[in-house]
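Subject: Structure for you to look at

Hello,

Here is the structure I said I would pass on. Please open it next to this message; my notes follow below.

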Amino acid sequence: MSTTIKGKVFVLEDNIDTDQIIPAEYLTLVPSKPDEYEKLGSYALIGLPDRYSDRFIAEGESKTIYSIIVAGENFGCGSSREHAPIALGAAGLEAVVAQSYARIFFRNCTATGELYPWESDARLVEHFKTGEEATIDFDNNVIINETTGETFTLKSLGDVRPVIDAGGLFDYARQTGMIPTRV
């Protein structure tokens with residue numbers, strides 16, 4: 001298990017909703033089927049408004065070059081679709097660092113084990129630019145903007161971390177003996 005995530009940052013504003021993360025027309029894809037999981041990831045953040053000139057996934061690619069999203073308030077608002085964190089994870093994203101989350105998106109990150117949903121008290125969208133390099137240090141609960149050298153404190157993941165580390169709620173329950181392992 002990694003205790004750091006390093007990579008490029010993709011910056012988003014406030015109120016990024018699940019329709020922007022994965023539009024409803026792609027919800028027919030079944031994430032448990034490997035080819036459809038990959039296809040779902042290729043559509044991640046395709047619903048962003050035109051004001052976002054940078055694309056999360058480059059034209060003709062199926063994976064993103066970004067490891068971390070830095071966002072404002074209320075990330076993942078809208079409908080309760082678990083496809084939203086799954087699409088981001090399938091695209092290759094590892095973590096979202098937001099000022100706040102829609103509760104259901106945060107829970108879906110945990111249940112699916114796709115992404116680490118870090119929270120920050122600081123408004124980080126004013127301290128990061130898309131394409132900058134960052135490191136999230138799990139042991140010290142910080143994100144470092146490697147481009148500027150600034151370090152920001154993150155709220156602890158607490159009991160959510162081992163669930164995501166395990167790969168989601170069902171895998172965690174199996175690993176801890178809450179439910180029987182698959183035969």
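A salt bridge here is a side-chain nitrogen of Lys or Arg within 4 Å of a carboxyl oxygen of Asp or Glu. The model is predicted, and a search of the whole structure finds eleven salt bridges.

One of them joins the side chains of Glu 13 and Arg 51, at 3.2 Å from N to O. Glu 13 sits in the loop between β1 and α1, and Arg 51 in the loop between α2 and β2, 38 residues apart. Arg 51 is exposed, at 53% relative accessibility, while Glu 13 is partly exposed at 38%.

Another pairs Asp 19 with Arg 81, with the closest N and O atoms 2.8 Å apart. Asp 19 is in helix α1 and Arg 81 in the loop between β2 and α3, so this pair ties together parts that are 62 residues apart in sequence. Arg 81 is buried, at 13%, and Asp 19 is partly exposed, at 40%.

Glu 133 forms a salt bridge with Lys 8, the closest N and O atoms being 3.4 Å apart. Since Glu 133 lies in strand β5 and Lys 8 in strand β1, the pair ties together parts 125 residues apart in sequence.

The side chain of Glu 132 does make a polar contact with that of Asn 145, at 2.8 Å.

Regards

Methods: Residues numbered from 1 in each chain as written. Predicted model: local features only at pLDDT ≥ 70, side-chain atom pairs only at ≥ 80, totals over all residues. Heavy atoms only, no water. Polar contact = N/O pair within 3.5 Å; in protein donor to acceptor, adjacent residues only side chain to side chain. Helix = DSSP H or I, 4+ residues; strand = E, 2+ residues; numbered from the N terminus. Buried < 20%, exposed > 50% of the residue type's maximum accessible area, 1.4 Å probe, protein only.
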